[in-house]
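These notebook entries record what I looked up in one structure. I kept them in the order in which I worked.

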Amino acid sequence: MNIASTKKWSGIGTASALALLAITGSAFADKIPLEFPKPMFVGTPVKTERKNLEKPDPSKIVKEIEAPAGTKNIALEKPVTSSDEEPIIGELEMVTDGDKDGADGSYVELGPEKQWVQIDLEKESTIYAIALWHFHKNARAYDDVIVQISNDPEFADGVTTLYNNDDDNSSEMGAGKDMAWIETNHGRVISVDAKKAQYVRLYSAGNTANEMNHYVEVEVYGQ
Amino acid sequence: MTENQSSSPSADGIPTRESTPLSRRSFLRSSTAAGVGAGLIVTSKTALGQAAGSDSDLKIGVVGCGAQGEALMNAVRQLENVHFIAVCDIWDYARNAMAKRLKAYKQPVNAYVRFEEMLEKEKDLDAVLIAVPDYLHHTYSIMAMKAGLNVYCEKMMSNTIENAREMVLAQRETGKLLQIGHQRRSNPRYQNAHNNVAHGHKLLGWITHAYAQWNRAVSAPLGFPKKYPLPPEIMAEFGYENMIQYRNWRMFKKFGGGIISDLGAHQIDLFNWFYKTPPKSVIASGGIDFYPIYEQYDNIMCIYEYDIPHSQWDTRNYIQDEETSVPRANPDHVTSRAYYQVLTTTASEGFYEKFLGKDGSIVINETSKNSVYQETGAPDEVWQKVAAITPPIISKEGVVEDKPVYNKFWEDPMPWTRPEPWMASNSNVDVRVSKSPSEWALAVKLDMLAHAPHLDNFFSACRKNGTQADLNCPAEEGFKTAVTVLKVNEAIATGQKIEFKPEDFVV
């Protein structure tokens, strides 16, 4: 790259930045901050014990997503379907309604055992990260969290698994080495390596406090 | 299939009157069979789709479908031969959720808004669980007992001493069972600590002090989903001025006794249980220091005094050595004390209880803490003898042994090693520090949800048409705790030491 004078560098534009990226392969241009809801601590603690439970580490909280300019939460207000057609509490729209509060009225509760929710991004999109809040009124960990993407709405073909903490294959979708984590108002960010898909599906199979499944919000950062 | 396991191991013929066999659909985890290996684990596998069983099942209802109703429901599901047939709640958000959950668990229920209607229409009920706000505990318990049902009523027994008294009187009048939900009294881990360690083998010696805390982090008042308001006429009928009061009822005087009642009740009940007597006095300090919208104190520290009869822990004489024995001043009792703290602005160290005796101390809570510590001066031969008992009461399983710490050389006759010269300059070593007490694990574990054993104790009594003597926390005991706890608010308000008389605890 020819550098004619320092003046040219002072107003470095997106095109030049991307060109730089192409050469250096380093960080994306945009840092999209995550918005966190207020923390809540309600009720009596229940023992959270899992073999593959990650120790909470405040220094590892992901506070922003690094992605190319123009990336945003493309799941916002997109249609949601589920294995449980009659949620126990709330409605499926709550998964993508932008409300991350932990309180009653902001989360959907699905029936027991293995359940999934699926977000239709309405076109094939490039995904850089998924941010997920199951439930954070109090501390618990969700089991068999498996996150997949596909262009097939039935998830029969062309399925890519992005996350799987089902260490003992109890959900019979293959054993995963990812960790279970204790839910907080900071949610959980899953990095995605610019993969393309129209549908995102998230599984879980109960949690350490009870057998139900919950979603406060799922965000998909892409374009 | 399963063997019914006694929930508290008996040792050396010491009676375990408070243990009840648990009926459950599965059994111990594969690694430890009863009486073999290090720890007795009481457990139950939850099984989905365990449909409503035979007609010999107990049929129960629950009134109050909020967080505690849900917790009780999940615990009941771990037990056999009992299922729900009815739920009741004034708020449709909570009531519908409970009904749908039970439907998903193949226990279809009738759902009611009003408890009176549930009692009137559900003729097959054997018992009812009461998990509504405290101010309704007495009304609904009495109503249910008069309708011929046995009652499991959540703690606090009530938000006033007078209402609690009425519950005891109604129980006597109707002869139905009334259990108060202080569930640690049925927890086999706590029973082991109480029956075998604190009493029984008296490993701690004289328990001079108890300590408990419940620290919880700052949390905003509960809101409510705008899509599911409570109809204004129902709010008015039940006395709520607004949804903030309804959702945070514990902190408003009309409905609950505040944090000492909500959180402290459990742990202060343990003080009375371990000391085997209610207290003789309390002093307390607290305030509404952080949350301006609440009516009840948001932080409390209090100290109780107890008269402990000499027979309980052989305290008649102070025995310094074989030749020096001095009788204690009071011919009847010694004084033990207990400190309780409940904070809502910090989660530091969470919740737990300690029982501190001269020979050892117990540190325990409902989740991970489960240890007993042997003081250096404790009679080691007694501890070793107890450690050899099976099924095990205490064990070294999972305990990481202390590194030696240097003793106070001028008071401990035990072997003392002169520190190496280099240690004089090592600021980390303090040769004046006592040897830490040696840690043991309390060997009984529980792998069920915390409320399950207490509910099971209640259901067992129901099935055999038992009496209050079959319950681990009968109404009369709950009443003593209600008085012990509710007086704290008065002690703070008046700034005075409250002296109890024995008749204060008796109905």
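Entry 1, the model. I noted before anything else that this is a predicted model.

Entry 2, the contact between the chains. I then looked up the area that chain B and chain A bury between them, and it is about 2,300 Å². Carbon and sulfur atoms account for 55% of that area.

I looked for salt bridges between chain B and chain A, and the rule finds 4. I recorded one of them by name: B:Arg77 pairs with A:Glu211, and their closest N and O atoms are 3.0 Å apart. I also looked up polar contacts, and 9 residue pairs are counted between chain B and chain A, both residues being at pLDDT 80 or more.

I turned to the second largest pocket, which holds about 1,300 Å³ of space. Its lining has 43 residues, and those closest to its centre are A:Pro56, A:Ala139, A:Ile182, A:Glu183 and A:Thr184. I checked the elements in the lining: strand E9 (188-205) of chain A and strand E8 (207-215) of chain B each supply at least two residues. By class, I counted 18 nonpolar, 14 polar and 11 charged residues in the lining of this pocket.

I looked up the total over all chains, which is 30 salt bridges. I then followed the one between A:Asp104 and A:Lys137, with N to O at 3.3 Å. Where in the chain do A:Asp104 and A:Lys137 lie? I placed A:Asp104 in the loop between strand E4 (80-82) and strand E5 (108-110) of chain A. A:Lys137 is in the loop between strand E6 (114-133) and strand E7 (146-150) of chain A. The pair thus links distant parts of the chain, 33 residues apart.

I found a cis peptide bond between B:Lys155 and B:Met156, with omega at about -15 degrees. B:Met156 lies in the loop between strand E6 (150-154) and helix H5 (161-174) of chain B. I noted another cis peptide bond, which joins B:Thr390 and B:Pro391 with omega at about -5 degrees. B:Pro391 is in the loop between helix H12 (380-387) and strand E17 (394-395) of chain B. Last, I looked up A:Ala194, a residue other than glycine with a positive phi, near 55 degrees. A:Ala194 sits in strand E9 of chain A.

Key: Residues numbered from 1 in each chain as written. Chains lettered and ligands numbered in written order. Predicted model: local features only at pLDDT ≥ 70, side-chain atom pairs only at ≥ 80, totals over all residues. Heavy atoms only, no water. Buried area = accessible area lost by both parts, 1.4 Å probe. Salt bridge = Lys/Arg side-chain N within 4 Å of Asp/Glu carboxyl O. Polar contact = N/O pair within 3.5 Å; in protein donor to acceptor, adjacent residues only side chain to side chain. 1 Å grid on protein atoms, 1.4 Å probe; cavity = no way out; pocket = protein on both sides within 12 Å on 5 of 7 lines; lining within 4 Å. Points joined across faces, edges and corners; volume = space filled by probe spheres on them. Helix = DSSP H or I, 4+ residues; strand = E, 2+ residues; numbered from the N terminus. Nonpolar A, V, L, I, M, F, W, Y, C, P; charged D, E, K, R; others polar.
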